[in-house]
Structures are given as structure tokens and as C-alpha cells.
Amino acid sequence: MPHEPFRVYGNTYYVGVAGLSVILIASNKGLILLDGALPQSAPIIAASIAKLGFRVEDIRLIVNTHAHFDHAGGIAALQRASSASVAASPSGARALEAGGPTDDDPQFGFRNNGFPPVQGVRSVSDNETLRVGELAITAHLTPGHTPGSTTWTWRSCEVDRCLNIVYADSLSAVAAPGFRFTGDATRPSRVDGFMHSIARVESLPCDVLLTPHPELFDMDAKLQRWREQPNVNPFIQSESCKHYAVQARRNLQHRLDEERVASGKKQARRLALRDHGPRRNVS
Ligand SMILES: [Zn+2]
């Protein structure tokens, strides 16, 4: 479903659909697009870009936070419409080119999670800055939600005030059945890397936080507040990355507790089977 496009701050715009963010950064030398929502979102995104007075053909670079169908699905079509180059983390680039999550992705085991593959994706390294004219965005690898998760930062200015914009990737610990962030016999633990990513987002210079799921930066509530108080931009909140990180840490801790309880129960079941056999009531 469409969502009204709007200017977040300076040359940073929201051109996503309802419930899935897509961000546009504009200059007169070309545009940068971040994420592509669902495959069927591409024409809606293109319409939103046009509604703001920009041209899809002027997109020079498309980058991705993480290669799941709901954030990467529209990228192939938008790439074709614009001839833009596409860039992502090394793991993200592999997933984009494959048209689906890599087999080390926590959500790999979910069915029907493919999307149109993207050709010729450029890999970026941690802290690498990509430029389009005077626009410069920096990649921060923040693995956790996916192995290739990437947070992107840039600066946007209005008159004489420049702000740090953070498009922080999802930090939620969501996995298909059977996957454990704490690791198992076949996979190492992801916990340290995930915690590191959360701390990284927490420490970024951050005046405006945007995330792939708009409810995680309270987009619609902020837009409502903006209508009521047009002189105060509600998206400028210097503590927002810290709050996002605190919430993510709590969410991950909850997930790890669940995994421990589940493996404790499994262990108890195994012992009960050993001691009492399969048919006895052991409660
Ligand atoms: Zn995802």
C-alpha cells in the first residue's frame, strides 16, 4: 500500500510504502536510494519519487540494509528503471545476486522468502564511503538480523544546520525454526557479533534515526505530531539511536533466554527418555 512521501530533513526523503521504509537522498548530480521494499512496491516507490519532483532515471546508486524480500524485493526493478549501480555488504551482495537469503541467515529456513535477483552488486567494506556527486554515505556492517546487515549514515543540511542521519538496519533476533543465535553443533554463536552491532549503532553520531520498519522509529506518530506542531521537526531526536539499541539488546536477551529454556527442556526430555523410556509419564 502507498504511503505519502515526505521530506524527513534537508535532502533526505521517505519514499517507502506503508510499513516498509525506502529512503531517498537527493542532489542535483543524482539520487541515492536506500532499500526497495517488496517486489510489488517498485511502481509505488517510483510514483512517490515522481510525486516529490525527482526522476527515477536520476537514481545513481541503490544500497540495501539487508537482503530479505521485504527490503530488497523491489531493487531489481528499480535498478532496471534507473540503470543505477547497486551496493551492499559482501554477504548482502551474495544474497541480492542469489535472490534470497544465504544459508547462514537466521531466516534461511523460512519458505517462500526469495525475491527477484539483482545483477552486478558491488560489495562494500566496513566504514567504506560511497559518493554520488557531493552526496556521501558510509556503510557500517552490523551483522545480527542477517549476516550481511548494514547500517548507513550520511549528513543532511538545512540552511546552516547539518545533521547526522542514521538508517539503522533491523536489530531484531528473528529466526526460522531450528536456528539458535547461541549456536549449535554446526554453527558458531552469533551473540558476540550481534551485541557488537547493537553497541555500534548505539555509538553512532545520530540526530535522526530511520529504520527499515517505520514503526520502529515511530514514523506515523511523529508525522501526526508534525502536523500539530509544524515548527518542530519530530524526527530530530539525539537519543533515538540509543533507545533503539536499548530495545534491541532487550529483545536479543529475551531471545537468548528463550533459547536457553528450550535447550534446557530438550535436555530434560532427553534425560527423561533415557531414564524412564518413551511411554512413561515423567511429570
Ligand atoms: Zn528482515
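## Buried residues of helix α5

In helix α5, the buried residues are Phe-194, Ser-197, Ile-198 and Val-201; buried means that 20 or more other C-beta atoms, placed from the backbone, lie within 10 Å of the residue's own, while exposed means 12 or fewer and partly exposed lies in between. Seen down the axis of α5, these buried residues fall within an arc of 95°, so they line one face of the helix; the arc is taken over the directions from the helix axis to the C-beta atoms. Asp-192 and Ser-203, on the other side of α5, are exposed.

The model is predicted: local features need pLDDT of at least 70 and side-chain atom pairs count only at pLDDT 80 or more, whereas totals for chains, interfaces and linings use all residues. Residues are numbered from 1 along each chain as its sequence is written.

## Span and cover of α5

Helix α5 covers residues 191–203, 13 residues in total. Helices (H or I, at least four residues) and strands (E, at least two) are DSSP runs, numbered from the N terminus. From first to last C-alpha, α5 reaches 18 Å, close to the 18 Å expected at 1.5 Å a residue; the expected span is 1.5 Å times one less than the number of residues.

Among the elements covering the buried residues of α5 are β10 and α7 (240–276). Contact requires C-beta atoms, placed from the backbone, to lie within 7 Å.

## The sheet containing β10

An open sheet of 5 strands runs in the order β8-β9-β10-β11-β12, with mixed pairing. The edges are β8 (129–132) and β12 (208–210), each with a single partner strand, so one side of each is left without a neighbour in the sheet. Two strands pair if DSSP finds at least two bridges between them.

Strands β9 (residues 135–141) and β10 (residues 150–158) pair in the antiparallel sense over 4 bridges. Leu-141 has Thr-150 in β10 as its bridge partner.

Key. Contact = placed C-beta atoms within 7 Å.
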